[in-house]
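Please keep the sequence and the 3D view at hand while reading.

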Amino acid sequence: MEEHDKFKSQIKSIYRLLATLMVLFGVTALAIVYLVSDPTLSFFKKETVVEEYTAVVEEDDFDKIENGIHLRTGFKDAEGLMTVVNNCTNCHSAKLVIQNRMNEERWKATIRWMQETQNLWDLGKNEEIIVNYLVTNYPPQNKGRREILQNISWYELKD
């Protein structure tokens, strides 16, 4: 009889283990279903009170010029600035314009290339204003890969 009781005890232990595993499986399945239906877990979050406030909006001076530089683009303040800003910065960065220092002939050739291949519109009278601005403020520079170092205090390496 003792073996029979031992067997019953083992069966009960297995039954309890299986029941526990089934409960854990059920809880996990319910949690997964809840996460799929509400991934933000809004049920467990406290209600947030939306505080009303008035935002102070600073007016953006879109065309502000400071120390002779148009702040938004970095262009120098001179006659024709806004024509250049309005026509050139629609398609590319002002930095691209500034770094390409060219003479009048090359600027006109570049404009023709942009009109033929990049869908640049006919600039009309603005072309002369743009080219004059660029040649005056960003002329070609004769310099090598880098400027010559000046005012350098050299030191001697000691053994």
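## The nonpolar core

A nonpolar core is a set of buried Ala, Val, Leu, Ile, Met, Phe, Trp, Tyr and Cys residues joined through side-chain atoms within 4.5 Å. The structure described here is a predicted model. Its largest nonpolar core has 19 residues, and Phe-75, Val-84, Tyr-133 and Leu-134 touch the most other members. Helices α2, α3 (94-99), α4 (104-117) and α5 each supply at least two residues of this core. In soluble globular proteins, nonpolar side chains tend to be buried together.

Leu-134 illustrates how such contacts run. When residues up to four places away in sequence are not counted, Leu-134 touches Val-84, Val-97, Trp-107 and Pro-139.

## Aromatic rings

How many aromatic pairs does a search of the whole structure find? The search finds three. One of the pairs is formed by Phe-75 and Tyr-138; this pair is tilted, with 6.3 Å from centre to centre and 55° between the planes. The pair links distant parts of the chain, since its two members are 63 residues apart. Phe-75 lies in the loop between β2 (69-70) and α2 (81-88), while Tyr-138 lies in the segment after α5 (126-137).

Both Phe-75 and Tyr-138 are buried. Together with Tyr-133, Phe-75 and Tyr-138 form one aromatic cluster.

## Cysteines without a disulfide

The structure holds zero disulfides. A disulfide requires two cysteine sulfur atoms within 2.5 Å. For Cys-88, the closest cysteine sulfur is that of Cys-91, and because the separation is 8.8 Å, it is too far for a bond. Seen from Cys-91, the closest cysteine sulfur is in Cys-88, again at 8.8 Å and too far for a bond.

Are these cysteines buried or exposed? Cys-88 is buried, with a relative accessible area of 13%. Cys-91, by contrast, is exposed, with a relative accessible area of 57%.

## The first helix

Helix α1 covers residues 2-37, which makes 36 residues. At 1.5 Å a residue, α1 should span 52 Å; its end C-alpha atoms are 53 Å apart, so the span agrees with the expectation. How many of the 36 residues of α1 are buried? The count is zero, and α1 is thus hardly covered.

Two asparagines have a positive phi. Asn-119, although not a glycine, has a positive phi of about 65°. Asn-119 lies in the loop between α4 and α5 and is exposed, with a relative accessible area of 70%. Asn-151 is likewise a residue other than glycine, and its positive phi is near 55°. This asparagine, Asn-151, is found in the segment after α5 and counts as exposed at 82% relative accessibility.

Lys-46 is found in the loop between α1 and β1 (65-66). Lys-46 is exposed, with a relative accessible area of 77%. How far apart in space are Lys-46 and Arg-112? Their C-alpha atoms are 63 Å apart, and the two residues are 66 residues apart in sequence.

Terms used:
Residues are numbered from 1 along each chain as its sequence is written. This is a predicted model: local features need pLDDT of at least 70, side-chain atom pairs count only at pLDDT 80 or more; totals for chains, interfaces and linings use all residues. Side-chain values use heavy atoms; hydrogens and water are left out. Rings of Phe, Tyr and Trp (its six-membered ring) pair if their centres lie within 6.5 Å; planes under 30 degrees apart count as stacked, over 60 as edge-to-face and the rest as tilted. Helices (H or I, at least four residues) and strands (E, at least two) are DSSP runs, numbered from the N terminus. Buried means under 20% relative accessible area, exposed over 50%, partly exposed in between (1.4 Å probe, protein chains only). The expected span of a helix is 1.5 Å times one less than its number of residues. Contact means heavy atoms within 4.5 Å.
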